[in-house]
Amino acid sequence: MRRAGLFGVPRVRPWSWQAFLLGFAIVAASAAIQGVCVALGAKLYFAAFIPSIFLVGILAGAPAAVFAVLLVIPLVWWAFMPPFFEFSPLTSAYTDSINLFFLLAVLLIGLADLCRETITLISRGGLKSSGDSAATNPQ
C-alpha cells in the first residue's frame, strides 16, 4: 500500500489481490452492520452497503468496487431478504431494490474513481501552468 498524500489515506493498486481482499473485508464488515440493522427491524436491505461501495472505490479502485457490488447483490438476496438464508423468487419490490442499489453503485463507483484520480493529481503537485492559455487575457 502506498499513501496518497491527502489525509494520509492508504490506497491499494487496482487489480491486485490486496484490492479484492480489501473489498471482501469491507463487504463482510458491512454485512455484520446490516445484520444488526435487520435484527433491530430495519427494512432497508442495502443501507449498510452503499457507503462501503464508495469506500472500496476510493481505497482499492473501480475493479474491486465492482467485485464488491457483485458480492453484495447475491448476499443481500440470500441473507437479508425474507425468507432469510435461502434464495427465493424475487418480487417486484425486491427487484426494484436491487436495481436501485445497482444504479447507485454505478454512480458511486464513478464518483469514487474521480475522487481517486483527484487525490493522485493533488499528491503529485496539482496541475502545472504551461504559460499562456486561451482562458487568460494578457491585457
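Figure 1. Of the contacts in the protein between residues at least 6 apart in sequence, 65% join residues at least 24 apart; a contact here means heavy atoms within 4.5 Å. This is a predicted model, where local features need pLDDT of at least 70 and side-chain atom pairs count only at pLDDT 80 or more, while totals for chains, interfaces and linings use all residues. Numbering starts from 1 along each chain as its sequence is written, and side-chain values use heavy atoms, with hydrogens and water left out. Four helices and two strands make up the secondary structure, in the order β-β-α-α-α-α from the N terminus. Those elements are DSSP runs numbered from the N terminus: helices are H or I with at least four residues, strands are E with at least two. Buried residues account for 33% of the 139 residues. For that label, buried is under 20% relative accessible area, exposed is over 50%, and partly exposed is in between (1.4 Å probe, protein chains only).

Figure 2. The structure has seven aromatic pairs. One of them is Phe20 with Phe67: the ring centres are 5.4 Å apart and the planes sit at 85°, so this one goes down as edge-to-face. The rule is that rings of Phe, Tyr and Trp (its six-membered ring) pair if their centres lie within 6.5 Å; planes under 30 degrees apart are stacked, over 60 edge-to-face, and the rest tilted. Phe20 belongs to helix H1 (residues 17-39) and Phe67 to helix H3 (residues 62-79), so the pair links distant parts of the chain, 47 residues apart. Phe20 is partly exposed at 22% relative accessibility, and Phe67 is partly exposed too, at 29%. Ring pairs also bring in Trp15, making a cluster of Trp15, Phe20 and Phe67.

Figure 3. Phe46 and Phe101 have ring centres 4.4 Å apart and planes at 10°, so they count as stacked. Phe46 is in the loop between H1 and helix H2 (49-60), while Phe101 is in helix H4 (residues 92-123), so the pair ties together parts 55 residues apart in sequence. Both Phe46 and Phe101 are buried.

**Figure 4. Gln34, a buried residue of H1.** Gln34 is in helix H1 and comes out at 0% relative accessibility, so it is buried. Leaving aside residues up to four places away in sequence, Gln34 touches Leu44, Tyr45, Phe46, Ala47, Ala48, Phe49 and Phe80.

**Figure 5. Helices H3 and H4.** The 18 residues of H3 should span 26 Å at 1.5 Å a residue, and the end C-alpha atoms are 25 Å apart, which agrees. H4 has 32 residues and reaches 46 Å from first C-alpha to last, close to the expected 46 Å. That expected span is 1.5 Å times one less than the number of residues. Buried residues of H3 include Pro63, Ala68, Val72 and Val76, and what covers the buried residues of H3 includes H1, H2 and H4. On H4, the buried residues include Tyr94, Phe101, Leu108 and Arg116. After H4 comes Gly125, with a positive phi near 110°.

Figure 6. Most residues other than glycine have a negative phi, and most peptide bonds are trans. Pro82 and Pro83 are joined by a cis peptide bond with omega about -5°; Pro83 is in the loop between H3 and H4. Phe85 is in the loop between H3 and H4, and its phi is positive, near 60°. Trp15, in the loop between strand S2 (10-11) and H1, has a positive phi near 70°. Is Trp15 buried or exposed? At 67% relative accessibility, Trp15 is exposed, and Phe85 is exposed at 54%.
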